[in-house]
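Dear colleague,

I am handing over the structure below, and I would be glad if you could look through it alongside the notes that follow.

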Amino acid sequence: MKALRLQAWKTRPELVDLPEPEPGPGQVVVAIGGAGACHSDVHLMDEFEEGTLPWNPPFTLGHENAGWVHAIGEGVTGLEVGQPVAVYGPWGCGTCSRCQLGIEIYCENLQEAPIPGGGGGLGLDGGMAEYMLVPHSRLLLPLPEGLEPRKAAPLTDAGLTPYHAIRRSLPKLTPEATAVVIGVGGLGHMAVQILRAMTGSRIIAVDTREAALKLAESHGADLTFLSGESTAEEIRAATGGRGADVVLDFVGVDATLAMGAAAARQMGDLTIVGIGGGTLPVSFFSVPYEVSIQTTYWGTRPELAEVLALAARGLIASQTTEYPLSRAIEAYEAVKAGEVEGRAVVIPDARM
Ligand SMILES: [Zn+2]
Ligand SMILES: [Zn+2]
């Protein structure tokens, strides 16, 4: 089968031929219906090197995946061949106290995980291929009626990651509150929709690209600002001087972190989701009083079920641009250039 593989750090991925995976005991092979091209993969290709992460190439890219159960290993129950499923991406040990609650992102027994701190497309083979091996059936969530794999795939990361970040701040997202979304890309455009679906808060979107602000508006942003020197002041002015109750930074560079801190309301949340590599100096007077600054990573298994349910009910939807697997390299080039509206999804050629 064809697969898009990262062969070594700091190289471009290559489309290669690989044998089809076969499920061992407890494992499942999924026929891929869609695999999202995530911006974090661009960091994987361009910046990371031996020692950055607990694992190394080669592996097949694609960590947001959905498809159909294709083959079931010995001892697997509760799944049927042909059943549409989403793949939960961060693979923990499955048994530690975090994993028991589905919080596999923060597994505390990583030596028992399929790969420490990774998953399919992150150290192990992912979904930019015709088939993908999933090491345990608990990592597959049946798709609710009416949700197609190609539409579900981006929800497993581009939907789940902002959902997890927003859920954490829900008590602050009252109808009189303001939420700011910085960076309206694959994750940010989902964040706007999730805020719209789950809260009555006012939504301000910030980006450097006009097209991204249009996308935010079409998904329910109340106000949009082109990112610049005075953006924090503009946000403050738009909130009667108070500032934003919750700032979600999907970029995470120095400038956006500084903007987020300057725009936050006292007692607000500043959540860093984007892995732009920036830093934010924190001292007694440098951020508004009692602002909580947090990072979040991906989301939990129960939260993925909630995201899929929101999508099946038509409350959120990933806007996608589809690429056949044979043109997956182009998909990543478009992601890197910031040219994709919403999410690029790679689909095996025979299923386009
Ligand atoms: Zn990702
Ligand atoms: Zn665990």
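Please bear in mind throughout that this is a predicted model. To begin with the sheet: in what order do the strands of the open sheet of six strands lie, and is their pairing parallel or antiparallel? The order is β13-β12-β11-β14-β15-β16, and the pairing is parallel. Because β13 (223–226) and β16 (292–295) stand at the edges with a single partner strand each, one side of each is left without a neighbour in the sheet. On average, and with direction ignored, neighbouring strands of this sheet are turned by 15° against each other.

Turning to the domains, the assignment divides the chain into domain 1, made of 2–157 together with 299–351, and domain 2, which covers 160–295. The C-alpha centres of domain 1 and domain 2 are 27 Å apart, and the contact between them takes 23 residues from domain 1 and 16 residues from domain 2. On the side of domain 1 that touches domain 2, the elements that give two or more residues are α1 (39–46) and α9 (301–312), and the largest share, five residues, comes from α9.

With best wishes

How values were computed: Residues numbered from 1 in each chain as written. Chains lettered and ligands numbered in written order. Predicted model: local features only at pLDDT ≥ 70, side-chain atom pairs only at ≥ 80, totals over all residues. Domains from an automatic or database assignment. Contact = placed C-beta atoms within 7 Å. Helix = DSSP H or I, 4+ residues; strand = E, 2+ residues; numbered from the N terminus. Pairing = 2+ DSSP bridges. Axes fitted to C-alpha atoms, helices over the stretch in contact; angles between N-to-C directions.
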